[in-house]
Amino acid sequence: MKTSKTLILTYSALAIALNVILGTVVSTLKIPLLFLDTIGTVLIAVLFGPWWGALAGALTNMVLGVTTEPSAIFFGLVNVAIALVAGYMAKRFDFRKWYIALLTGIVLSIIAPLIGTPIAVAVYGGLNGSGMDLVVLWLRSAGESVFASTFISRITGNFVDKIITCLLVAFMISRLPNFSKIINKGKSNAA
């Protein structure tokens with residue numbers, strides 16, 4: 001029995017709202033090294049597959065582009081890549097296991113800044129108005145390139161954020177009954 005598209009779209013809409021709301025709250029509170037703006041993307045990718053996650057991720061950035069800052073649309077590529085990696089990891093391995101979530105978070109913490117850094121350099125010149133700009137400026141004054149300075153500042157934040165994001169998703173899908181049913185149904189369909 002396949003999961004209905006209505007259920008997937010409903011969860012995806014909630015995940016987009018989760019991305020926007022948590023990302024905005026964390027940004028407003030200026031919590032260092034944490035964004036939580038892709039937790040909904042990872043959740044949808046793990047529950048329903050990489051392509052549904054990619055759609056939720058891309059739509060998150062479209063919403064942010066319309067509601068907050070148009071340049072957020074460019075970073076949709078990062079959100080799509082996050083969904084593809086998380087979704088494929090969940091297809092291949094049991095994402096409810098903390099070490100799979102941890103490994104996925106580590107992989108994402110490298111992939112996200114690899115994609116996001118060139119965008120940040122092109123759009124903002126490497127600075128984005130966050131506290132990490134101090135790291136970029138310090139590295140630039142130490143002789144590092146704009147790309148290296150921006151990448152180093154982004155990978156530190158992503159390392160913390162993506163690992164926490166993946167561990168939170170693993171916790172949610174293993175503890176919330178509705179999510180467990182979806183995961184179990186997906187695993188039995190794959191068998």
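1. Burial. In this predicted model, 44% of the 191 residues in the protein chain are buried. The chain exposes about 9,800 Å². Carbon and sulfur atoms supply 73% of that area.

2. Fold. The secondary structure comes to 8 helices and 0 strands. The pattern along the sequence is α-α-α-α-α-α-α-α. Of the contacts with a separation of 6 or more, 71% join residues 24 or more positions apart.

3. Dimensions. The radius of gyration is 17 Å. A compact globule of 191 residues would have one near 16 Å, so the chain agrees with that expectation. Along the principal axes, the C-alpha atoms fill a box of roughly 60 × 35 × 25 Å.

4. Helix H5. This helix covers residues 98-124 and bends by about 30° at Gly 116. Just after H5, Gly 125 takes a positive phi of about 70°.

5. Which residues of H5 are buried? Ile 100, Ala 101, Thr 104, Gly 105, Leu 108, Ser 109, Ala 112, Pro 113, Gly 116, Thr 117, Ile 119 and Ala 120 are.

6. Nonpolar patch. Leu 9, Leu 55, Leu 59, Met 62 and Ile 73 make a nonpolar surface patch of about 420 Å². Helix H3 (residues 50-67) gives the most to the patch, with 3 residues. Leu 9 lies in helix H1 (residues 5-29). Its relative accessibility is 47%, so Leu 9 counts as partly exposed. Patch members need over 30%, and Leu 9 has 47%.

7. Salt bridges. How many salt bridges does a search of the whole structure find? The search finds 2. Side chains of opposite charge can pair when their charged atoms come close. Arg 96 pairs with Asp 94, with the closest N and O atoms 2.9 Å apart. Lys 162 pairs with Asp 161, with the closest N and O atoms 2.8 Å apart.

8. Setting of the pairs. Are Lys 162 and Asp 161 buried or exposed? Lys 162 is buried, because its relative accessibility is 4%. Asp 161 is buried as well, at 0%. Arg 96 is partly exposed, with a relative accessible area of 27%. Asp 94 is also partly exposed, at 23%.

Conventions. Residues are numbered from 1 along each chain as its sequence is written. This is a predicted model: local features need pLDDT of at least 70, side-chain atom pairs count only at pLDDT 80 or more; totals for chains, interfaces and linings use all residues. Side-chain values use heavy atoms; hydrogens and water are left out. Patches are made of residues with over 30% relative accessible area and no salt bridge: like charges are joined within 9 Å, nonpolar side chains (Val, Leu, Ile, Met, Phe, Trp, Tyr) within 5 Å. Accessible areas come from the Shrake-Rupley method with a 1.4 Å probe; for residues, only the protein chains shown count as cover. A salt bridge is a side-chain nitrogen of Lys or Arg within 4 Å of a carboxyl oxygen of Asp or Glu. Helices (H or I, at least four residues) and strands (E, at least two) are DSSP runs, numbered from the N terminus. Buried means under 20% relative accessible area, exposed over 50%, partly exposed in between (1.4 Å probe, protein chains only). The radius of gyration is taken over C-alpha atoms; the globule rule is 2.2 Å times the number of residues to the power 0.38. Contact means heavy atoms within 4.5 Å. The bend at a residue is the angle between axes fitted to the seven residues ending there and the seven starting there.
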